[in-house]
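This report describes the packing and selected residues of a single model. Please consult the sequence and the structure shown here while reading.

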Amino acid sequence: MSTKQPEVGVPTAAVQGADASPRWKILSVVGARPNFMKIAPIAHVLAKRSDVQHMIVHTGQHYDANMSKVFFEDLEIPEPDLYLGVGSGSHSVQTAKVMMQFEEVLLQHQPDMVIVVGDVNSTMAATLVATKLHVPVAHVEAGLRSYDRDMPEEINRMVTDAIADLLLTPSRDGDENLIREGVAPERIRFVGNVMIDSLLKFLPKARATRAWKQFGVEHGNYVLVTLHRPSNVDDRQHLSNLLEMFGKLAEQLPVVFPIHPRTRKMISEFGLKHDFAGLQLVEPIGYLDFLAMQEGARLVLTDSGGIQEETTILEVPCLTLRNNTERPVTVTSGTNRIVGQDIAVIRQACEEVLSQPKPAGRVPELWDGHAAERIVTELVDFLVHRRQGSGKNG
Ligand code: UD1
């Protein structure tokens, strides 16, 4: 991938030189860090099909190199065909900017289908635009619900699933949630977890990085922390209590905490103490290094969604610092435990994990490294049936 930031709204060579005669044009939308590991395996499968022209549109919701570019490199994703450069803003501003620019993209490129992944603002914005222009949308990672409407992602999931045409679910609970909401079963396909395709493919390469060495910690003997949810980082007192708790934990075991930009900003705005011995606040790290850091951790503390899933497959104990999860299978089958936001409860749970041997999780159904193949089969099947239904020649 070139180091040059693609020019906003200008098609890159991949589009200009694309085969003029594939049967289908499919356009994928990515915007934020958790999208990249989901689109990578789909892009790799689509690249092998001569009947599909695949374009990747990056909205630019995440724009720092260590939140975006490094993931394209690590995951071997082709350079985005279009970069919208929307950047940061309030939820409404960010959503509106994606919508305005993505509408232009759809009008210009006229795809047969749009793929959206996950639950970020870019996911919902692109879905709204495509649906209104009657371009069918496939939502990868459909059906997940935390039932917590204070989370912006929950609103994004609900809106996206309400209007997308094809709902591709990662776990059975996703299907059940959608059915309970009255979604027609014909719109739902259980395909498994595509993020695990990336994990299984890149794990050997990730292990080889021995990333823990960069932080001077020993494999199997440190705690890894990530935090970025508004519920944890936007309240001064709570964030301060958490940092102090990590500091205490670091007296026992080294703690490595790659800091999300939102969290870095809040720590600095609140002027919070974070220089505890043994607690390392480091810049966000790339996909391969972070996978290695997860696998080597004795314990992971997080409020992320994807990390609950990755630790399940890596069989590393995970404590989720939230009151709920949209990924219950990581608790029922995996190594995850929802510990809420009470500092004493979190501390107690850390003690329990550290005093017990590493748990063994069960691999959830269809988290097998082949979700992208099933997804692409469903997409093409959908397009074939749609064309037949509209009476056009396939
Ligand atoms: C977004 C997603 C969330 C996902 C998370 C993972 C939504 C609603 N939220 O949250 O689901 O779990 O990404 O990272 O879409 N910033 C930078 N550099 C960047 C990106 C962001 O400095 O490259 C700053 C922004 O200026 C802003 C803050 O980080 O102050 C939040 O960014 P934003 O994309 O709005 O949401 P996230 O909190 O990252």
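Leaving aside its neighbours within four places in sequence, with which residues is Ile-26 in contact? Beyond those neighbours, Ile-26 is in contact with Leu-46, Val-52, Gln-53, His-54, Met-55, Met-113, Ile-115, Leu-379 and Leu-383, where contact means heavy atoms within 4.5 Å.

The model is predicted: local features need pLDDT of at least 70, side-chain atom pairs count only at pLDDT 80 or more, and totals for chains, interfaces and linings use all residues. Residues are numbered from 1 along each chain as its sequence is written, and side-chain values use heavy atoms, with hydrogens and water left out.

**Nonpolar cores**

Ile-26 belongs to the largest nonpolar core, which has 63 residues. Such a core is a set of buried Ala, Val, Leu, Ile, Met, Phe, Trp, Tyr and Cys residues joined through side-chain atoms within 4.5 Å. Buried means under 20% relative accessible area, exposed over 50%, and partly exposed in between (1.4 Å probe, protein chains only). The residues with the most contacts inside this core are Ile-26, Ile-42, Leu-75, Ile-115, Tyr-287, Met-293 and Leu-379. At least three residues come from each of domain 1 (13-192 + 368-388) and domain 2 (200-354), with bounds taken from an automatic or database domain assignment. Another core, of 31 residues, lies apart from it and includes Leu-249, Leu-272, Leu-319 and Ala-349.

**Helices α2 and α8**

Helix α2 (residues 33-47) packs against helix α8 (residues 194-209) at an angle of about 80 degrees, and their axes are 7 Å apart. Helices (H or I, at least four residues) and strands (E, at least two) are DSSP runs, numbered from the N terminus. Axes are lines fitted to C-alpha atoms, for helices over the stretch in contact, and angles run from 0 to 180 degrees between N-to-C directions. The angle therefore makes α2 roughly perpendicular to α8, a term covering 65 to 115 degrees. On α2 the contact is made by Met-37, Lys-38, Ala-40, Pro-41, Ile-42 and His-44, and on α8 by Val-194, Met-195, Asp-197, Ser-198 and Lys-201.

**Residues with positive phi**

Most residues other than glycine have a negative phi. Two residues with positive values are tabulated below.

Technical notes:
Parallel < 35°, antiparallel > 145°, perpendicular 65-115°, else oblique.
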